[in-house]
Amino acid sequence: MTLRYYLITGHLIAILITLIGVFIGLNYMVIEQKQVFFIMAIVITASLLGALFSLLLLSKITTSLSLLIAKMDALSRRDFQTDISITSPQEFAHLDLAFSRMAQSLEESFASLTESEREKALMIAQLSHDIKTPITSIQSEVEGILDGIIPPEDTPRYLKAIHGQTGRLNHLVKELDFLTSEVYGSDKENEVLETIYLDKLIIDVLSEFHLQITDEERDIAISVLPESAYIMSHYHKLYRILQNLVSNAFKYSPAKTPISIDLIKAKEKLTITVTDKGIGIGPEHQSKIFNRLYRVESSRNMATGGHGLGLYIAQELAQQLGGFISVDSQKAKGSKFSLSIPLKQEPKNQTD
Ligand code: ATP
Ligand code: MG
């Protein structure tokens, strides 16, 4: 039974009880039969009019309820109606407002869920592409060697290519491994600060690029200010950030062009800048290069192109150190990546 029928039945019962009461009362009075009917007629008319008016007023409630039910139905079909359509009664208007707010926050949650699902699917698609491409080519090259399609004199060249591809796969696996263990599994409270000499840090990082510096005849300019400065921080995080920035400077600038690395320790912050004179990054890409798996289109097909994880990892680590990495770049002119981190804890015997 609907609310409307409950209300009508309630009113009819109330009218009936009033009529019985009035009828019994009138029987005790010394009045004529005609007057009894007249009084009864007035009571009936008044009761019916009263019921009619109260039903008219109550219709506002039933309409509001129907509107709320329609909104809930729409919500179950993921149609988030956030407009406020009920103005009275006040309690229902409040309910409508609360409902609209709930629909709005549900809509936002759904949108972000969909976005993260989309991002996850994209990441899996890109990673499987990055893994599948070298594996397919390794497979065909190995088959070529085994079947004798590749002549023995060309075998060393193909083996070198296979070596390069396994190296890239290894690099990807290492980055993914690092991503899960460091970026997502960082346990800040248990990390101990170490004394890091800035000149040693940069020499350690550059030792990885030793061969490349010679092969590519690079001029690497390093400056540490103040000289022999040291800080209290997390060595392997700083190392990893710098290693990513320096590796990019090498990858995205041609051989023989210079790279400079400047480390400046001020009172409360450390700034490390890596500058190259390479391909540069257009303004439309500069905010996106820190996103997971983002690569600028022009660098995708480069032989040295990576997986778009390096800057994401570096930025995450910079944030774990309380800082950030910024970029200043001009297409075809070069790039300058700067890491800034706050320095809070100074060793007691610091003299610089
Ligand atoms: P990897 O995961 O191996 O580091 P990657 O170098 O492609 O791969 P990121 O280091 O995250 O990934 O860099 C993202 C993108 O930003 C690069 O693909 C490149 O297009 C652009 N980029 C980064 N550093 C530079 C630079 N110094 N000069 C020009 N472009 C750069
Ligand atoms: Mg990189």
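The average pLDDT of the chain is 86, and 93% of the residues score at least 70. Among the elements, strand 7, residues 334-342, has the highest mean, 98. The lowest mean, 63, belongs to helix 9, residues 297-300. Where pLDDT is low, the predicted coordinates should not be read in detail.

One item from helix 2, which covers residues 33-76 and contains M72. M72 has a relative accessible area of 46%, so we call this residue partly exposed.

Next, the aromatic residues. How many aromatic pairs does the rule give? The count is 5. Y197 sits in strand 1, residues 194-197, and Y230 in strand 3, residues 230-233, so the pair ties together parts 33 residues apart in sequence. Is each partner buried or exposed, or something in between? Y197 is partly exposed, at 40% relative accessible area. Y230, at 10%, is buried.

The other pair is Y235 with Y239, also tilted, at 6.0 Å centre to centre and 35° between the planes. Both residues belong to helix 7, residues 235-251, where they are 4 residues apart, about one turn of the helix. Y235 has a relative accessibility of 22%; buried would need under 20%, so Y235 counts as partly exposed.

Helix 7 also packs against another helix. Which one, and at what angle? The partner is helix 10, residues 310-320; the two axes come within 9 Å and cross at roughly 145°. The crossing is left-handed. On the helix 7 side the contact is made by K237, R240, I241, N244, L245 and N248. Helix 10 contributes G310, L311, I313, A314, L317, A318 and Q320.

Why describe helix 10 as largely enclosed by the rest of the structure? Because 9 of its 11 residues are buried. Those buried residues are G310, L311, Y312, I313, A314, Q315, L317, A318 and Q320. Just after helix 10 comes G322, with a positive phi of about 85°.

Last, T275. T275 is part of strand 5, which spans residues 269-276. With a relative accessible area of 18%, T275 falls under the 20% cut-off and therefore counts as buried. What does T275 touch, leaving out residues up to four places away in sequence? The contacts are P258, I259, S260, S335 and K336. Of these, S335 and K336 fall within the range of strand 7, residues 334-342.

Helix 10 itself is largely enclosed. That is what I have for today.

Note on methods: Residues are numbered from 1 along each chain as its sequence is written. Chains are lettered from A and ligands numbered from 1 in the order in which they are written. This is a predicted model: local features need pLDDT of at least 70, side-chain atom pairs count only at pLDDT 80 or more; totals for chains, interfaces and linings use all residues. Side-chain values use heavy atoms; hydrogens and water are left out. Helices (H or I, at least four residues) and strands (E, at least two) are DSSP runs, numbered from the N terminus. Buried means under 20% relative accessible area, exposed over 50%, partly exposed in between (1.4 Å probe, protein chains only). Contact means heavy atoms within 4.5 Å. pLDDT is the predictor's confidence in each residue, from 0 to 100. Rings of Phe, Tyr and Trp (its six-membered ring) pair if their centres lie within 6.5 Å; planes under 30 degrees apart count as stacked, over 60 as edge-to-face and the rest as tilted. Axes are lines fitted to C-alpha atoms, for helices over the stretch in contact, and angles run from 0 to 180 degrees between N-to-C directions. A crossing is left-handed if the near helix is turned anticlockwise from the far one by less than a right angle, and right-handed if clockwise.
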